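Please read them with the sequence and the model side by side.

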Amino acid sequence: MHRRLFPRAVALLALVATVATVGASGATAESPTPATTRLRATIDAILADNRLTGAQTSVVVVDTSTGETLYDRNGDRRLIPASNTKLLTSTAALGLLGSGHHFSTDVQATGARRAGLLSGSLYLRGGGDPTMLAADYDALAARVAAAGVRVVTGNLVADDTRYDRTRLGPDWTWDDEPYYYAAQVSALTVAPDTDYDAGTVIVHAAPADRAGARPVVTTTPPTSYVRIDNRAETVSEGETSISIEREHGGNTVVVTGQIVVGDEPASDWVTVWEPTGLAAEIFRAALYRHGVRVLGRTVLGEPTPETAHPVARHDSMSLGELMTPFLKLSNNGHAEVLTKEIGRVLSGTGTWSAGLTAISEYVADTGMDTGTLRQRDGSGLSRRNLVPAAEFVDLLAAVRTQPWFAAWYAALPIAGQPERFVGGTLRSRMAGTPAAGNVHAKTGSLTGVSGLSGYVTSADGHLLAFSILLNNYLTASVKALEDQIAVTLAGHREDAASTARIARPEVPQAPRTPEGVECSWVKPITC
């Protein structure tokens, strides 16, 4: 049953507002004010840009205080939303799991302990935490040592059974597999840094001190789980051009190209094949450093027995805190972990299917018509996701009443704010315009797909919810057109004195994002 509770409530509010104001302004939905008429003409002019010739557009803008639709171009058309999909996943996660939800990674043991000897196995049980760092595994190992364990006669077992063993989304393209934004999903994983791209390592290639020698290749975190096939060369002059690629089906990373003597190291994020194994290898090395010897082998994927007893535990940051790196950096891995975690908590099954079913039910309760959309993953990497702009706007308008809204709103990327964990994927966009520091919105990018959905406060203080979805264009980027619409909305005001005369629309010029640059990180990003 697809419920649309919020739109009905908005319709009633809009009716009351219309009755109260029609005498003063003479405006109705059928007879918009001069300001709204000019707003619509301006957005029409932006969407007439030849970069969108032959493309598909779906754009909706709603005044959340009145429920009035200020603009609607193909609002019911289903388009690929890319990472705008994360609006569904993030709101459902907060609504269903709660902002105080934590992921726990713990160590348990079987068998008897006597004088530092554990006559049994040690279990590293993953709770899905996508923010686990090598330092966190080191701290866990220190706690195991502090508990008095010195020798483990059995195995080190890596328990990732909280979620299923389907590592990649069924619709993800094969050639995305080596790249950090398509990392394998596991309940037991490790991230290389505080971007928290779990299931990846950063590979660094530094020039040797003389031409003709191989570059010096290292990884973050340091690990032998990844095998380096170094075919690159250090050169005395020219241009550095290093390529770092993981081969399919294993953890051999091939480094090719050249790097100039004296240049800064070239670095790239590379996914690993089977992240559970990487986490286990990192933890086993940490145990050794802290004086804990495991005599047995490393075993992947076995569940922790109910008879096991706790030894050490690590809890993640709260889900509310996780929203900042998740949404600011458009972290695909976080979205997929949250989808499986929702399925695990609500139905006992940590699968995409269970999680997506629960997300669908949640967003239907907010007012989205789930009969008009399709969600195939948590992040938006799938090109089979289809969502109309009008449904995004329904969701954006509805969640304003939720107790977690203020923190979630703050976690969205903010236009023109240069700090990475403030501006996020919008940090280099719309700077120096009325939209800077104003627009809070989720970006979305795939080849031929772009989206921007979120909020902007108009010049007269009204909070507007908007969704801009653009598909099937052939140019490198259409971000500038999204920015022009957002800047237009930021400058909109229902001021009869200044908008009584409808003139030829003036399209605002937002600062241009460099051609082909979708987001401003040190690594490429599909946001």
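Which residues are buried in H9?

1. In this predicted model, the buried residues of H9 are Ala389, Glu391, Phe392, Val393, Asp394, Leu395, Leu396, Ala397 and Ala398. Helix H9 covers residues 389-398, and because 9 of its 10 residues are buried, the helix is largely enclosed by the rest of the structure. The buried set includes the side chains of Glu391 and Asp394 as well as those of Phe392 and Val393.

2. For the chain as a whole, the model has 13 helices and 23 strands, and 56% of the 527 residues count as buried. Among contacts with a separation of 6 or more, 72% come from residues 24 or more positions apart.

3. Helix H3, residues 86-97, is likewise mostly covered, with 10 of its 12 residues buried. The buried positions in H3 are Lys86, Leu87, Leu88, Thr89, Ser90, Thr91, Ala92, Ala93, Leu94 and Leu97. The length of H3 can be checked: at 1.5 Å a residue its 12 residues should span 16 Å, and the end C-alpha atoms are 16 Å apart, so the two values agree. After H3 comes Gly98, whose phi is positive, near 90°.

4. Asn331 is placed in the loop between helix H6 (319-328) and helix H7 (332-347), and it counts as buried because its relative accessibility is 3%, where the cut-off for buried is under 20%. A polar atom of the Asn331 side chain lies 3.0 Å from the backbone nitrogen of Gly333.

5. Apart from neighbours within four places in sequence, Gly380 is in contact with Ala82, Ser83, Thr85, Asn385 and Leu446. The C-alpha atoms of Gly380 and Ser445 are separated by 9.1 Å, although these residues are 65 residues apart along the chain.

6. Is Arg231 buried, partly exposed or exposed? Arg231 is partly exposed, with a relative accessible area of 47%, and its place is in the loop between strand S12 (227-230) and strand S13 (233-235). Not counting residues up to four places away in sequence, Arg231 touches Arg214, Glu247, Val254, Val255 and Thr256. For one of these, Val254, the C-alpha atom is separated from that of Arg231 by 7.1 Å, and the two residues are 23 residues apart along the chain.

7. How do helix H2 and helix H12 pack, and at what angle? Helix H2 (residues 34-47) and helix H12 (residues 479-490) pack at an angle of about 170°, with their axes 10 Å apart, which makes H2 roughly antiparallel to H12, since angles over 145 degrees count as roughly antiparallel. On the H2 side the contact is made by Leu39, Thr42, Ile43, Ile46 and Leu47, and on the H12 side by Leu481, Gln484, Ile485, Thr488 and Leu489. By class, this contact of H2 with H12 has 7 nonpolar and 3 polar residues, with no charged residues.

Key. Residues numbered from 1 in each chain as written. Predicted model: local features only at pLDDT ≥ 70, side-chain atom pairs only at ≥ 80, totals over all residues. Heavy atoms only, no water. Helix = DSSP H or I, 4+ residues; strand = E, 2+ residues; numbered from the N terminus. Buried < 20%, exposed > 50% of the residue type's maximum accessible area, 1.4 Å probe, protein only. Polar contact = N/O pair within 3.5 Å; in protein donor to acceptor, adjacent residues only side chain to side chain. Expected span 1.5 Å × (residues − 1). Axes fitted to C-alpha atoms, helices over the stretch in contact; angles between N-to-C directions. Parallel < 35°, antiparallel > 145°, perpendicular 65-115°, else oblique. Contact = heavy atoms within 4.5 Å. Nonpolar A, V, L, I, M, F, W, Y, C, P; charged D, E, K, R; others polar.
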